[in-house]
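Take a look at it first, and then we'll go through it piece by piece.

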Amino acid sequence: MACDFDISEFSLLDVPDDYIDDPYRYFAALRERSPMHRNPDGTVILTRYDDCVAAYRDPAVWSSDKKDDFGQKFGASAPLYEHHTTSVVFIDPPDHTRIRRLFQAAFTRKALAAFEPRIIALVDGYLDRFEEQGSMEVVEDLSFKLPIEVVCDMLGVPARDRLLIRSWAVAILTALEPSIDREQFDTGNRAVVEFKDYLRDLIKWRRSHPNEAAPTEVLTVLADAEADGEKLTETELLHQCIFMLNAGHETSTNMLSHGIHEMVRNPNEIRRLNSIPDLIEPMVEEVLRYQAPIQINNRRSIQDTEIGGVGIPRGTTVHLIVAAANRDPGQFPDPDRFDISRRPNRHLSFGLGVHICAGNSLARLEAAIAFRRLFARFPKLQLVSPAEIAPRLRFREVKRLHVSTH
Ligand code: HEM
């Protein structure tokens, strides 16, 4: 549907009322009419695929360091500032390289293969329950549970604490929205403090009860790096754990919910997947492209530069609208069509370059197992009521999705 809104007025700080229902028509209008759009706060919104790629690919010019932005937004003494300026995703090389290296062991092919039987067992358990009950609330009963169970296992955190972790994650990640109110700020700060206290106790316990059976357990690897005295400070250790727990479930939860939602809305695609099981991989990619769980990434120019031939002064914060780039017709023919056989599909949902999502293979594995087993077992899956989408801009969150077996 065309956008009748005057796009020159568009602001991420005050989006139109119907934005959450369909952000994509605003992205299309921006891409066509204002591809380097100036937000009222002086930041710049990029919506073209090539422009986002250019910024991702050049970390020497486009920094991920958020000290300036978050200093203004949170104040340098806020716990939210400490968290979001210490976690691996918001720092530049060489610190970024040092810290990212520590995660590698958790994501090797071998480490992920070891998780596969566990993911299958978890999914089958959720589906058995679905069969018994005839209906499920997808977010609560499957798409939140699976990634949080897996990431808790990966870190070595008791999954019984998942509701606590979820509430901290929501509070900490909500603070990344383009604009937040006082209550969101206070809740976010409280969440960082409580999460750190929780992890301190857990790390102490782990040190006195080493888990020799799981040498790649992230908590152990990071705690050992901290004990080494040079590789990681205590503050870094705590914030990488918080980041990993948050990054490892919030986005995957939404990927799973969106995938189920899009397939139920396109029953022909369920039939196609069931008759050609090899479509599972392109199907997962299409879900990621079509409803990017992280819609917006940011970078800041640390020197005068240009993008798409337009000069950009040093110190400019840009919003890379990944969700818009993923529907750029120059890269994706017929971009608003959900097509599980789309190839090639070089979407940007995991970012690109040095910060490309460290957990992308795990997320893809979870999705492939969950989607394949769900649609094979319940090919007549139906929507019970319209999905509810949360009013958040950075994360495209399905709040509720109710389905029945037929
Ligand atoms: C569908 C699910 C997921 C999506 C869409 C997603 C998306 C992203 C994106 C866009 C980035 C890059 C941000 C930037 O460049 O500024 C990122 C980074 C990261 N993600 Fe994911 N992610 C997902 C799942 C996961 C999982 C399951 C884990 C771990 C268990 C994880 C761990 C990380 C880490 C550690 C980074 C930081 C990498 C770095 O800065 O070098 N992610 N993710």
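Predicted model: local features only at pLDDT ≥ 70, side-chain atom pairs only at ≥ 80, totals over all residues.

Residues are numbered from 1 along each chain as its sequence is written, and side-chain values use heavy atoms, with hydrogens and water left out.

**The ligand site**

(Donors are N, O and S atoms within 2.8 Å of the metal, or 3.2 Å for Na, K and Ca; water is not among the atoms, so sites may look incomplete.) Cys357 sits in the loop between helix H16 (322–325) and H17. Helices (H or I, at least four residues) and strands (E, at least two) are DSSP runs, numbered from the N terminus.

Around the ligand there are 29 residues, and those that come nearest are His96, Arg100, Arg299, His355 and Cys357; a residue counts as near if one of its heavy atoms lies within 4 Å. By class, this shell has 18 nonpolar, 9 polar and 2 charged residues. (Ala, Val, Leu, Ile, Met, Phe, Trp, Tyr, Cys and Pro count as nonpolar, Asp, Glu, Lys and Arg as charged, and the others, Gly among them, as polar.) Among the elements that each supply at least two shell residues are helix H5 (95–103), strand E5 (296–301) and helix H17 (360–377).

| Side chain | Distance to a ligand oxygen |
|---|---|
| Arg100 | 2.7 Å |
| Arg299 | 2.8 Å |
| Asn297 | 3.2 Å |

**The cavity**

How many cavities of 30 Å³ or more does a search of the whole structure find? There's 1. A cavity here is a set of points, on a 1 Å grid over the protein atoms alone, where a 1.4 Å probe fits but cannot get out; lining residues have an atom within 4 Å of a point. The largest cavity has a volume of about 40 Å³, taken as the space filled by probe spheres set on the points. Its lining includes Tyr56, Asp58, Trp62, Arg299 and His355.

Finally, 3 strands make an open, antiparallel sheet in the order E4-E12-E9. Two strands pair if DSSP finds at least two bridges between them; E4 and strand E12 (residues 402–404) are joined by 3. In E12, His402 is the bridge partner of Glu137.

Terms used:
Polar contact = N/O pair within 3.5 Å; in protein donor to acceptor, adjacent residues only side chain to side chain. 1 Å grid on protein atoms, 1.4 Å probe; cavity = no way out; pocket = protein on both sides within 12 Å on 5 of 7 lines; lining within 4 Å.
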